[in-house]
Amino acid sequence: MFHIYCPYCGELREEEEFHPRGQAHLARPADPEACTDEEWGDYLFFRDNPRGIHHELWVHSVGCRKFFNITRHTVSYEILETYKMGELPSFTAEHSRGNSTEAASRQAQVAQQAGVHV
Amino acid sequence: MSNVAIFDTRSEAKIPVESPLAYAYRRSGAPAPTTRSRATLRERPFLGHLILRGGAIVLDEAVREVLGVSLPGEPQGLVHDAEGERSLQWLSPDEWLVIVPGGEEFALENRLREALAGAHFAISNVSGGQTLIELEGEAARELLMKSVIYDVHPGHFPVGKGVTTVFAKTAVILRRPSESRWELVVRRSFADYTYRWLLDAGEEFGIGVAR
């Protein structure tokens with residue numbers, strides 16, 4: 001059976017309990033009224049379709065019902081990592097072998113901006 | 001006290017009350033347990049079920065004050081009070097299920113609301129929406145292995161653990177309060193389905209229904 005690690009439940013759970021919800025890290029334009037039609041259309045309808053590393057939003061729908069992110073390789077289907085909402089991936093297209101130090105420092109930066117002490 | 005309108009869902013009026021399995025008992029029958037039964041099913045109807053939502057720290061304080069038990073902070077945690085009649089289960093990082101003897105839930109809800117005054121929280125009384133089914137017997141685990149996708153091996157599912165998982169084609173909350181007993185918290189609307197599934201799957205173990 002295929003297992004996925006839920007970062008909130010803290011354990012590997014059956015894939016059947018999860019549901020994919022598309023591309024992760026989509027930032028809603030801060031001021032939709034000020035968007036051009038193209039920008040808004042991009043945000044609403046256009047998604048990446050990379051060959052390689054892809055960040056996806058998943059939900060543990062039968063379980064804790066929390067949304068979280070998965071970094072997945074679209075060629076091998078390998079799940080490289082799962083991480084909570086608000087965190088940054090350590091595997092990116094630029095760092096396909098994982099660069100946790102950079103992700104950690106970026107994470108700290110984001111946390112600092114949000115007024116959270118790490 | 002928050003300004004949420006709450007009321008006691010248990011009425012003084014003499015209205016016949018039926019457990020979520022009443023229909024299933026009538027329609028599918030309830031084979032009595034025999035000496036050859038290796039699994040026994042028993043419904044614990046009309047218990048008080050509350051869903052607590054909010055931050056773990058504030059809820060923990062209130063729950064300890066009101067129930068005298070600390071909130072299970074670890075995922076999949078399940079704790080009982082000293083008498084073993086009231087339980088608290090982790091459902092999600094900000095959600096817990098409290099099950100208390102029937103009739104206590106309204107008073108408990110009020111006391112929790114008082115203790116939590118000013119905090120950011122939600123308490124929902126879901127007593128009418130779900131029921132508790134107990135499974136006991138040497139084949140109870142085998143029966144679960146046929147029904148749920150979760151690994152119920154004792155090494156992976158120790159006493160004091162509870163998970164929400166897939167049961168046949170529905171979802172249940174599966175808990176293990178003691179070595180020999182398993183509990184399923186099922187939705188009222190799926191109670192009949194779950195019951196019939198258990199009867200069918202338990203046939204080979206001579207499943208009996210204790211009533």
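Me: Which strands make up the open sheet of six in chain B, and in what order?
Reply: Going across, the order is β8-β9-β10-β7-β1-β11 in chain B, and the pairing is mixed. This is a predicted model, by the way.

Me: Which strands sit at the edges?
Reply: Those are β8 (161-167) and β11 (208-210) of chain B, each pairing on one side only.

Me: How much are neighbouring strands turned against each other?
Reply: On average by 25°, ignoring direction.

Me: Let's zoom in on β1 and β7 of chain B. In what sense do they pair, parallel or antiparallel?
Reply: Antiparallel, with five bridges between β1 (residues 40-44) and β7 (residues 130-136) of chain B. As one example, B:Glu43 has B:Ile133 in β7(B) as its bridge partner.

Me: OK, helices now. What does α4 of chain B lie across?
Reply: Helix α4 (residues 140-147) of chain B lies across β7, β8 and β10 (181-187) of chain B, and it runs at about 125° to β7(B). Helix α5 (residues 188-201) of chain B packs on the sheet too, touching β1, β7, β8, β9 (170-176) and β10 of chain B. The direction of α5(B) makes about 135° with that of β10(B).

Me: And how do α4(B) and α5(B) cross?
Reply: Their axes come within 10 Å and cross at roughly 115°. The crossing of α4(B) past α5(B) is right-handed.

Me: Which residues meet there?
Reply: From α4(B) you have B:Leu143, B:Lys146 and B:Ser147, and from α5(B) B:Trp197, B:Leu198 and B:Ala201. Sorted by class, that contact has four nonpolar, one polar and one charged residues.

Me: Back to β8(B). Is this strand mostly covered or open?
Reply: Mostly covered: seven of its seven residues are buried.

Me: How is β8(B) joined to β9(B)?
Reply: By seven bridges, with the two strands running antiparallel. B:Phe167 stands opposite B:Thr170 in β9(B). The hairpin of β8(B) and β9(B) has two residues between the strands, and B:Ala168 takes a positive phi near 50° there.

Me: What about the contact with chain A: how many residues are in it?
Reply: On the chain B side there are 10 residues, in contact with 11 residues of chain A. The elements of chain B giving two or more residues to that side are β4 (87-92) and β8. β8(B) gives the most, with three residues. By class, the chain B side has six nonpolar, four polar and no charged residues.

Me: Switching to the largest nonpolar core. Which residues touch the most other members?
Reply: B:Trp96, B:Val98, B:Leu135 and B:Leu174, out of 57 residues in that core. Strand β5 (residues 95-100) of chain B supplies the largest share, five residues.

Me: What is B:Trp96 in contact with, leaving aside neighbours within four places in sequence?
Reply: The list is B:Leu52, B:Leu59, B:Leu71, B:Leu88, B:Gln89, B:Trp90 and B:Leu91.

Me: Last one. Where is B:Asn110?
Reply: B:Asn110 is in helix α3 (residues 105-115) of chain B.

Me: Why does B:Asn110 count as partly exposed?
Reply: Because B:Asn110 has 15 other C-beta atoms within 10 Å, whereas buried takes 20 or more and exposed means 12 or fewer. The C-alpha atoms of B:Asn110 and B:Gln130 are separated by 21 Å, and these two residues are 20 residues apart along the chain.

Methods. Residues numbered from 1 in each chain as written. Chains lettered and ligands numbered in written order. Predicted model: local features only at pLDDT ≥ 70, side-chain atom pairs only at ≥ 80, totals over all residues. Pairing = 2+ DSSP bridges. Helix = DSSP H or I, 4+ residues; strand = E, 2+ residues; numbered from the N terminus. Axes fitted to C-alpha atoms, helices over the stretch in contact; angles between N-to-C directions. Contact = placed C-beta atoms within 7 Å. Nonpolar A, V, L, I, M, F, W, Y, C, P; charged D, E, K, R; others polar. Core = buried A, V, L, I, M, F, W, Y, C linked by C-beta atoms within 7 Å. Left-handed = near helix turned anticlockwise from the far one by under 90°.
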